[in-house]
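Subject: A structure for you to explore

Hello,

Here is the structure I promised to pass on to you. Please open it and keep it beside this email as you read.

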Amino acid sequence: SLIGYRVQNVYNLTSNNRSFLLKFSIPDSKFNVVLESGFKVYMTDFQRPTQPEPSNFTTKLRKHLKTKRLTNIKQVGDDRIAVLEFSDGFYYLVLEFFSAGNIILLDSDLKILSLFRFVDTSGNVQKCQYDVGGTYTMFDKSLFEEDSVTFHNASFNQEMILNWISRSKQADKEKKKIFSIEKLCFNHASYLSSDLIHISLLQNDVKPSTSCLELLENENLLSTTVRSLNETQAKFNTLLETPVGEITGYILSLKNPLFKNDQEPSTENLEYVYHEFHPFEPIHKIKDNVKVDTVKGYNKTVDKFFTTLEMSKVSLTRQNQQANIEKRLQFVKDEHAKKLQALDDVQGLNYRKGYLINLYNEQIEQCKEAVQKLIDQKMDWKNIEKLIKVEQTRGNEIAKMIKSLNLLKNEITVSL
């Protein structure tokens, strides 16, 4: 859709310092493209807030790309690199989506004019590959001579999977780690989506987490796994052959744990929050707490997902702040309640003590008089304790009330 359009301007987005907005236009038609270094690039139908002043890198892009016509877009093989060609090869804008990502502006000779992120070239990276003035070596101009998309028309068979198991056993002999069937398939056909593999296995009644060693003993399981892989390959090719605008996208939303059930859902009280999106129905992830939205057109799916996610960040931040305030307030309330309860307990205990002291006042006085008489008789303190124990065994009610003596402090502990 963008090929043939000219760059009207380039802006920095306010969402983060790695995001840019590229505006393309021709008479009576405009397109906006959101680009985030190392993460995403897509066309958007929504308005995005931009920075009032461009960064140095944005200024360089404006200087070289403004009014230039986009003539081609290519992916470099199976690598996570997209290349935008301007003015039939006068400039190239390279979008790297591996590692920390990068955006690199090249001239017609693939010399680097500017780059968003400077990379340390002292390691294994080829020298001058990421230096201004150096030659970018990840592709050459023959990339734009290929008109068709490269498809992986692999056909899987039992012998192939058995070889995978054999190689995996040798590689993981020291680790003593056995792959599941799903992991085995994805490791050796990594261009396929792991979710697609998972779905195909489930649809053929194969448990994805089953150990791959069971394939050596169960021929039916092996043949079913082969059939699942070939079905995954067919689904993958169908997705590639289908125009992007005709692909139905699926957006999965998770229940917001901060949602207030006593209030109606709103922008300030989000019931569901976007979690992930797929170009196929992710039946293995649809659960009771998951909401699924469908969008016609995969680019529109991506646009709606990220735009809604960015818009909901403000509401989620407010909800988190409110939840933290309520949590701290509840903590203070609980602490105060504990202190008040402790005071009530002490007050209640003192009340009971006072009540019992008044109730048993005569018996307490008798205890005091009995011990005082023994002290006045100059009896040894240990003998006094022994005498009290003897009287307790004889059933003396006054003696039974005395639990212990601390004559050094003139204290008698009485049980009422």
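Predicted model: local features only at pLDDT ≥ 70, side-chain atom pairs only at ≥ 80, totals over all residues.

**Salt bridges**

Start with Arg69 and Asp88, whose side chains meet in a salt bridge with an N to O distance of 3.4 Å. Arg69 sits in the loop between α1 (56–65) and β5 (70–75), while Asp88 sits in the loop between β6 (81–86) and β7 (91–96), so this pair ties together parts that are 19 residues apart in sequence. Arg69 is partly exposed, because its relative accessibility is 30%. Asp88 has a relative accessibility of 57%, so this residue counts as exposed.

Next, look for Glu326 and Lys260, which also join through their side chains in a salt bridge, here at 3.7 Å from N to O. This pair links distant parts of the chain, 66 residues apart: Glu326 belongs to helix α7 (residues 298–359), and Lys260 to the loop between β10 (248–255) and β11. Both are partly exposed, Glu326 with a relative accessible area of 38% and Lys260 with 30%.

Another salt bridge joins Lys338 to Glu335, with the closest N and O atoms 3.9 Å apart. Why are these two separated by about one helical turn? The reason is that Lys338 and Glu335 are three residues apart in helix α7. Lys338 counts as exposed at 56% relative accessibility, whereas Glu335 counts as partly exposed at 29%.

Finally, Arg18, Glu36 and Lys40 are linked in a network of salt bridges.

**A pair of helices**

Two packed helices are described by the angle between their axes and the distance between the axes. Here, the axes of helix α3 (residues 181–188) and helix α4 (residues 194–203) come within 10 Å and cross at roughly 135°. That angle makes α3 oblique to α4. Their crossing is right-handed.

**A nonpolar patch**

Which residues form a nonpolar patch on the surface? They are Ile283, Ile286 and Val292, and together they have about 200 Å² of accessible area. To find one of them, go to the loop between β11 (272–278) and β12 (290–296), where Ile283 lies. Ile283 is partly exposed, because its relative accessible area is 38%.

Enjoy exploring!

Best wishes

Key
Residues numbered from 1 in each chain as written. Heavy atoms only, no water. Patch = residues over 30% accessible without salt bridge, like charges linked within 9 Å, V, L, I, M, F, W, Y side chains within 5 Å. Areas by Shrake-Rupley, 256 points an atom, 1.4 Å probe, with all protein chains shown as cover. Salt bridge = Lys/Arg side-chain N within 4 Å of Asp/Glu carboxyl O. Helix = DSSP H or I, 4+ residues; strand = E, 2+ residues; numbered from the N terminus. Buried < 20%, exposed > 50% of the residue type's maximum accessible area, 1.4 Å probe, protein only. Axes fitted to C-alpha atoms, helices over the stretch in contact; angles between N-to-C directions. Parallel < 35°, antiparallel > 145°, perpendicular 65-115°, else oblique. Left-handed = near helix turned anticlockwise from the far one by under 90°.
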